[in-house]
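My entries follow in the order in which I looked.

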Amino acid sequence: MIKTNNLISQFNKTKEYIDNANPKLISIWVFVLLLIVSLFSYPQYYLNGDMAEYLNNAIRIVNGDKPYVNFWLLFTPGEVYFPALIYKIFGKNINNVIIFTTIFSCLNSFVIFGLSKKLNFSNSISIFSTFLFFYTSVIFNYIGPCYINLYLTFSLIAIYFLFSFYETNNNRKLLYSGLSIGIASYFRLYEVGAIAISILISFLIFLVINKFSKKEILKNIITFIIGILSIMVMYSTIHYQIFPKMFTEVVFESVKNGTSMNLPYLYGINDYIHQSSLAYENIEGFSTIPFLINKILGLTKICLYFFLPILGLPILLYFIYKIKSNTEIFITSLTLLIWSYISFAKGLGRTDLSHLAPALAPLLMLFVYIFTQIPKSNSKVFSKTFRKTVSFVLIVSLVLFLYPIQGIFKQIYSKNCNVIFYNQVIRCRDKSTTEDTQRLVNLIYKNTNEYDYIFVTNWGAPPLYAISNRLNPTYFDSMNDLIVRPSLEKESRIINSLEKTKTKLIIHGHWGYDGKANQQIQTTCKLLESYIIENYRLIDVFGEYQIYKRKTLF
């Protein structure tokens with residue numbers, strides 16, 4: 001009992017010391033800690049899929065290609081011009097892009113910490129809030145910190161200026177908020193659009209509650225929209241040559257592509273259990289217990305993402321109803337609620353962690369806010385059950401902190417996970433991925449020269465164009481769009497490009513999405529399959545890959 005009291009006393013002293021420290025200094029330490037964790041653990045994320053496209057497409061910019069015109073892109077152009085700038089400054093090495101992108105992702109911690117202080121959190125609660133937001137948001141759950149998240153950075157800045165507007169009623173803050181949304185839209189459109197709508201609804205409610213005149217309301221709306229449009233017009237003018245194609249691809253084609261991959265709600269839980277059961281069959285001996293602990297923690301995390309937005313809504317609405325007489329707490333809570341649930345609605349099409357993360361991060365920040373406001377309220381307003389429920393949600397959410405920590409230990413103790421190619425050393429997630437990637441780059445090196453054309457069809461492949469400095473002869477960096485939206489015209493376009501450039505090597509393989517029979521490459525791209533078999537000779541098969549070399553080269 002004495003030891004317990006000593007621990008509590010020491011904890012309280014530490015908390016008091018942190019709360020009395022300089023917030024700016026604390027925010028720097030938080031950034032440094034997140035950066036160290038992120039840099040050490042980044043190899044646990046697969047360098048395939050969207051991450052491979054991120055690294056590959058930027059190389060095409062450096063080589064003189066233009067997005068939407070020369071290669072497929074469904075996001076706004078900041079997605080490719082930011083990494084291309086890193087390549088141009090520091091050289092064509094994917095580690096440069098990975099490291100600098102990770103640094104920029106971790107810079108979000110300053111904005112999150114600042115936003116937490118804007119909500120009147122103490123230093124210790126702000127640290128907790130920052131870590132919680134970082135590890136529940138897209139920063140950690142959509143590939144990882146090594147992937148571009150600048151749209152979130154500027155969206156958070158926009159939210160920060162919104163809360164500044166609540167404090168000052170100065171519409172310049174709305175202008176700054178709009179400008180931030182405009183910059184964010186250079187990196188993502190629909191994700192930022194959801195946040196922009198949330199801001200607009202929130203400050204309209206604030207204006208109405210505070211009885212602003214119709215003229216003032218209209219003035220504030222126009223100010224916010226002008227901020228957004230001024231930036232959008234600016235980058236559209238800079239990219240005027242590609243704007244018509246960009247508009248079509250980003251506004252319309254991205255929606256068609258995304259809705260072609262819709263998943264039913266709770267699919268992620270079923271898939272996680274299924275994949276875990278398959279992996280369990282290969283576990284033996286003492287590895288069983290760590291494996292089960294890891295998977296239970298993982299399942300807890302996934303359930304939090306799927307069930308909290310639904311089960312937490314009555315709790316949040318109850319709180320907002322109870323404090324409606326306090327305008328400041330009411331509007332702050334409502335803003336976080338609207339931000340969360342509009343993002344939640346946007347992610348309902350494909351309900352996996354990466355699409356639910358934009359909703360859970362602000363939702364948990366709202367729970368933290370409620371946790372800080374309960375002690376300040378009259379004890380009769382909220383029951384003990386309500387207080388315990390809010391505390392329970394935050395305690396369960398602590399499981400999310402265990403993932404980055406285990407990632408560090410995995411990478412420290414993993415061996416023989418380096419792929420060497422030219423001047424690049426790439427650290428992979430595990431031994432099998434390393435062996436396959438090394439074998440791939442060795443085959444590319446043996447059968448082609450730098451700047452030769454190769455074609456990679458497999459979505460699960462690493463960023464082979466960026467690693468090897470070989471060229472993609474086609475419009476498509478991956479076969480993603482052809483798998484979910486089969487098209488003979490697109491297949492013919494690829495075949496014509498392969499034939500025109502006499503592409504030497506094709507890295508192929510049978511793959512698809514979500515186990516759906518109608519979204520497998522061998523069923524959706526039969527014309528391309530026939531062309532490959534007829535014009536190329538199979539020279540190697542391993543893992544998920546089939547390597548073909550043009551027959552005329554033998």
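Which residues are linked in a network of salt bridges? I find Glu-253, Lys-256, Asp-481, Arg-485 and Lys-490 in that network, where a salt bridge is a side-chain nitrogen of Lys or Arg within 4 Å of a carboxyl oxygen of Asp or Glu.

Before going on, I note that this is a predicted model, in which local features need pLDDT of at least 70 and side-chain atom pairs count only at pLDDT 80 or more, whereas totals for chains, interfaces and linings use all residues. Residues are numbered from 1 along each chain as its sequence is written, and side-chain values use heavy atoms, with hydrogens and water left out.

In the whole structure I count 15 salt bridges. One of them joins Asp-452 to Lys-504, with the closest N and O atoms 2.8 Å apart. Asp-452 sits in the loop between helix H20 (431-447) and strand S3 (454-456), and Lys-504 in the loop between helix H23 (488-501) and strand S4 (505-508), so the pair ties together parts 52 residues apart in sequence; helices (H or I, at least four residues) and strands (E, at least two) are DSSP runs, numbered from the N terminus. Asp-452 is buried at 15%, while Lys-504 is partly exposed at 24%.

**Nonpolar patch.** I then turned to a nonpolar surface patch of about 800 Å², whose members include Trp-29, Phe-40, Phe-104 and Phe-110. Patch residues have over 30% relative accessible area and no salt bridge, like charges being joined within 9 Å and nonpolar side chains (Val, Leu, Ile, Met, Phe, Trp, Tyr) within 5 Å; the areas come from the Shrake-Rupley method with a 1.4 Å probe, and for residues only the protein chains shown count as cover. Helix H2 (residues 23-41) gives the most to this patch, with six residues. Phe-104, which is found in helix H5 (residues 94-106), is partly exposed at 34% relative accessibility.

**Loop glycine.** I found Gly-64 in the loop between helix H3 (49-62) and helix H4 (78-90), and at 54% relative accessibility Gly-64 counts as exposed.

Terms used
Buried < 20%, exposed > 50% of the residue type's maximum accessible area, 1.4 Å probe, protein only.
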